[in-house]
Every structure is written in C-alpha cells, then in structure tokens.
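Visitor: Please take me through how the parts of this structure pack, and where open space is left.

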Amino acid sequence: MPLRLLSALLLALLLQQSGRLFGGLRAAVFLPTILPEGACALIWLWILNPLYGPLNAVLHAVGLPTPDWLLNPATARMSLVLMSLFTIGEGMVLLLVGLKTIPRVIYEAARVDGANAWQSFWRISLPLLTPWLLLLTFRDIVVSLQNTFTPSFVMTYGGPYYATTFVPLLVFELAFDLFDFGLAAAMTVILYLLTSLLVVGIVNLVGLNRHDDIA
C-alpha cells in the first residue's frame, strides 16, 4: 500500500504538465487499470517467467541476477507487490484532479516569497493533497486485504510453500475445497473487521474525528 501511494503521487507530480506527450503518458499509465484482474495476472505470469519472461531477460542483459520470481518463497510475495504497482493509474488520475484544484496563485505567491520547488511541494501541495491521499489510503487498504485472490489463485495458487496463501484464497479453499463453510464465513467476517479497524485507526491517527469549535 505505501508503494502504491508513493508511486501514484510521484507519477501525478511528473505528469501534471499539459501537452500531447504528457497526455499520452497519462493514458499509458491509466490503461492497465481497465484490464480484468485475470488478464492482468496472466500477463504478469508471462512477465515473471524465469525462462523466457521479459523481466529476467532485461535483468540478464544488464548483468543482474535473474531470480525464480514465483518459484521462490523469498520472491513470490515481492512479485505480487510488483504486480500491484502495475495498476496505480486510477490513483494517479485522482491525485491529478487534486493537484488541479490547488489555485496557481498560491504557488506564485510562494515563488515571490522565495520558496523553491521542494518547499512548495512540502508546504503547499502535500497538505492540500491530504484528503485525496487519505481517500487512496482507505481504498488501498481494502485492495491489499481483499483483492489478492485473483493473482494468488491464477499465478501461484498459494505457493510456493504457502508464501502467497492470503486470506481470500484461504477462504475459497475452506469453502469450496474442504466445504467448511462455517470457518470460511468466520474468516470473512474477521477480514472485514480487520479492514474496519485499520480504517478507524488511520482516522484516529490523523485526527479526522476531531471537530474544532467554530467561534
């Protein structure tokens, strides 16, 4: 989740300029988000193939190690994290909208006062983007906890050595392989409770539940 959030923010900052080139790059980043999850998992199953996958071919060409991505427990989860960064276009578009809502006059006033690009980002862009970043945080919490079923089912089926057996896949196996519907239902309820607790914890951490008195 932090990598998805930071990547979306970085791309939004880099691609917020107008122009045909930047428009094409924004479309290229957003395009993977409209692919079905199954198709995306199959694409990454080919990309991460240790024998003829393009990722290992590039690593081999530059003299770097070529790991067995989905066959090694140490790199299997990393592979799914890498795949999740493939679909950050939606978050980038949302942050682009947030950047567009910031009045340009604020940046002009900051430049007049001698602020550099980093100070403008840290003092202006980041605070005003906080609601959009929190929205993406809540969305990615749900995604990271619940939308792991398709990649783990299609690419590894929980392997190797249960390294990618996430809760949604475990619920599926309990319900439809072992026919233990009671335990599967209980784990689903626990998953939703955990998601709710994480969201409430972030809300309390950033102080969204505090209401200042209006004088």
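**Packing and pockets**

Visitor: What covers the buried residues of H3?
Guide: Helices (H or I, at least four residues) and strands (E, at least two) are DSSP runs, numbered from the N terminus. Buried means under 20% relative accessible area, exposed over 50%, partly exposed in between, with a 1.4 Å probe and protein chains only; contact means heavy atoms within 4.5 Å. The cover of the buried H3 residues includes helix H4 (54–61), H5 and helix H10 (149–156).

Visitor: What kind of model is this?
Guide: Residues are numbered from 1 along each chain as its sequence is written, and side-chain values use heavy atoms, with hydrogens and water left out. Local features need pLDDT of at least 70, side-chain atom pairs count only at pLDDT 80 or more, and totals for chains, interfaces and linings use all residues, since the model is predicted.

Visitor: Within what arc do the buried residues of H3 fall?
Guide: The buried residues in H3 are Cys40, Ala41, Trp44 and Ile47. The arc is taken from the directions from the helix axis to the C-beta atoms. The buried residues of H3 line one face of the helix, because seen down its axis they fall within an arc of 115 degrees.

Visitor: Which residues have the most contacts inside the largest nonpolar core?
Guide: A nonpolar core is a set of buried Ala, Val, Leu, Ile, Met, Phe, Trp, Tyr and Cys residues joined through side-chain atoms within 4.5 Å. Helix H1 (2–14), helix H6 (89–100), H7, H8 and H9 each give two or more residues to the largest one. Another core, of 11 residues, lies apart from it and has Trp44, Ile47, Leu59 and Leu80 among its members. In the largest core, of 18 residues, the most contacts belong to Ala12, Met92 and Leu95.

Visitor: Which element gives the largest share of the lining of the largest pocket?
Guide: On a 1 Å grid over the protein atoms alone, a cavity is a set of points where a 1.4 Å probe fits but cannot get out, and a pocket is an open set with protein on both sides within 12 Å along at least five of seven lines; lining residues have an atom within 4 Å of a point. The largest pocket holds about 650 Å³ of space, with grid points joined across faces, edges and corners and volume taken as the space filled by probe spheres set on the points. Its lining has 23 residues, and the closest to the centre are Arg4, Ser84, Thr87, Val143 and Asn147. The largest share, five residues, comes from H5.

Visitor: What volume has the second largest pocket?
Guide: Helix H7 (104–112) and helix H8 (117–128) each supply at least two residues of its lining. The second largest pocket has a volume of about 270 Å³.
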